[in-house]
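Biologist: Can you walk me through this model? I'd like to start with charge pairs, then move on to the strands.
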Amino acid sequence: MFRFLLPFVFLVSACAPVWEGGSTTRAAVSEVTLPPVKAFSTPRPLPPGRSNRDMARDFLDLSFELESGRKLARMTRFEGPITLRVTGTPPAGMMSDLRALLTRLRTEARINITQTTSATANITIQAVSRKDIRKALPQAACFVVPNISALNQYRAARRSGAANWALLENRRQIAIFLPNDASPQETRDCLHEELAQALGPLNDLYRLPDSVFNDDNIHAVLTGFDMLVLRAYYDPSLTNGMTRAEVAQRLPAILARINPRGERLSSNPLPATPRSWIEAVQTALGPGTSQIGRRLAAQEALKIAQNEGWRDHRLGFSHYALGRLIQGQDLSQAFFHFAEADRAYRSADPFGPHRAYVSTQLAAYAISAGQSREALNILSPQLPKAAQFENAALLSTLMLLKAEALEMEGKLEEAGQLRLDSLGWARYGFGPDWAVRAKLREIASLSPIKGRS
């Protein structure tokens, strides 16, 4: 189980004109020492917005299938208290993110998990370089494996079948491999997703608009839905080794007890996602495919979504992916697909920062066209969304775009303050100073005012 490398989530550069100049304010911000890294404090997860009947369907599909579509004969989980240790060279900030996550798991999911230094810990998080991770799994940003505790054991475990989740009968020892030379946000996002799968469900479902158990990577941290799934997963009524039928029989009573709100909501299930759409998306966004091949796969995914009659976030993701992949060749068509993605993503507006992603593209177009007021109208509602769902890279991008639009409106002081405020988030989201400064220059290059100067 691994988190995909999705290469285009925050980029806006394909619609940026070449610009060699810049204002005095911009130069000053780029050259001075950047402010300290900012971090999110109090989590604000939303409760799942679906009925318990739909929750049960999602729980079973997450717990009894792998991402490949292979069925699992039994549910596996840890029994008793769970211990976790960290090895390798963890980057600055990772330990505080881990402590915050463990607190959430104990309080929201009611999982008895504690940190230790013992070599016999149930879960080992090893912080290694991205190069080492990609040497083991070229398409992975991070990954989780059963029955080992170190990366140098992975190849042997893979050959012997010990790393095969489908053959697992219980969970006693699991390793998570995280990058120690990525941005703080990338490491944290990997931590949330991989620890959730080390503890609980192994599948991802594209139909979920409010979960990290979804390969669209819209959600950065565990959501209220995810915590409820994990709480049900470790409910005393369930035990390791249960079949799907056995879990399905007990699940309604569990959900009624731990999620009474879901008993009052009407069932409104989204249709299943066909394998053909999943494969098209993975071809479009995964490694080893030419640019032409990516575009053709993205077009195929959109065609399938339209033929399925979807009006949900999966249609939005199909348009968004295609827009990003054709942006360097056909700006007008890319803009059309971003606008269509925004329209489809309105169905997912309560569940996450879906529209905030698209707004970075739509606002970039507006700014480059000199439409500062339109850009502000697009951006302003999305900043709270990015903050609520703890996406610092997205938040800082929105703030920097808004600062450019304010500057075009002549509000120089407000723009300068917003730009400075964005930099601490940018350091968390994008990592090293050179990456933050590159993002500053990239977004500044959108402004036609600076281009003329």
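Modeller: A salt bridge here is a side-chain nitrogen of Lys or Arg within 4 Å of a carboxyl oxygen of Asp or Glu. Keep in mind that this is a predicted model.

Biologist: Fine. Which residues are linked in a network of salt bridges?
Modeller: The network links R50, D58, D61, R207, D210 and R244.

Biologist: And how many salt bridges does the structure hold?
Modeller: The count is 20.

Biologist: Are D58 and R207 buried or exposed?
Modeller: D58 is buried, and R207 is buried too.

Biologist: What does R257 pair with?
Modeller: R257 forms a salt bridge with D235, with the closest N and O atoms 2.9 Å apart. R257 lies in helix 8 and D235 in the loop between helix 7 and helix 8, so the pair ties together parts 22 residues apart in sequence.

Biologist: Is D235 buried or exposed?
Modeller: D235 counts as buried, because its relative accessibility is 4% and the cut-off for buried is under 20%. R257 is partly exposed, at 48%.

Biologist: One more pair. What about E407 and R419?
Modeller: Their side chains meet in a salt bridge, 3.3 Å from N to O. E407 is in helix 17 and R419 in helix 18, 12 residues apart. E407 is buried at 14% relative accessible area. R419 is buried at 0%.

Biologist: Switching to the surface. Which residues gather in a patch of positive charge?
Modeller: K131, K135, R155, R158 and R159 gather there. Helix 4 and helix 5 each give two or more residues to the patch.

Biologist: Which helix gives the most?
Modeller: Helix 5, with three residues. R159 has its place in helix 5. R159 is exposed, with a relative accessible area of 68%.

Biologist: Now the strands. How many residues of strand 4 are buried?
Modeller: Six of the six, so strand 4 is largely enclosed by the rest of the structure. Both faces are covered. I123, I125 and A127 are on one side, with T124, Q126 and V128 on the other.

Biologist: What does strand 4 pair with?
Modeller: Five bridges join strand 2 to strand 4, and the two run parallel. There, L84 has I123 as its bridge partner. Six bridges join strand 4 to strand 6, also parallel. On that side, A127 stands opposite L178, and Q126 opposite F177.

Biologist: How does strand 5 run against strand 6?
Modeller: Strand 5 and strand 6 run antiparallel, joined by four bridges. V144 stands opposite I176 in strand 6. Six of the six residues of strand 6 are buried.

Biologist: Last topic, backbone. What is phi of R110?
Modeller: It is near 60°, a positive value in a residue other than glycine. Most residues other than glycine have a negative phi. R110 is in the loop between helix 3 and strand 3, and is exposed at 54% relative accessibility.

Biologist: And phi of N147?
Modeller: That value is near 70°, again positive. N147 lies in the loop between strand 5 and helix 5. N147 is partly exposed, at 36%.

How values were computed:
Residues numbered from 1 in each chain as written. Predicted model: local features only at pLDDT ≥ 70, side-chain atom pairs only at ≥ 80, totals over all residues. Heavy atoms only, no water. Patch = residues over 30% accessible without salt bridge, like charges linked within 9 Å, V, L, I, M, F, W, Y side chains within 5 Å. Areas by Shrake-Rupley, 256 points an atom, 1.4 Å probe, with all protein chains shown as cover. Lys, Arg positive; Asp, Glu negative; His and termini not counted. Charge placed at Lys NZ, Arg CZ, Asp CG, Glu CD. Buried < 20%, exposed > 50% of the residue type's maximum accessible area, 1.4 Å probe, protein only. Pairing = 2+ DSSP bridges.
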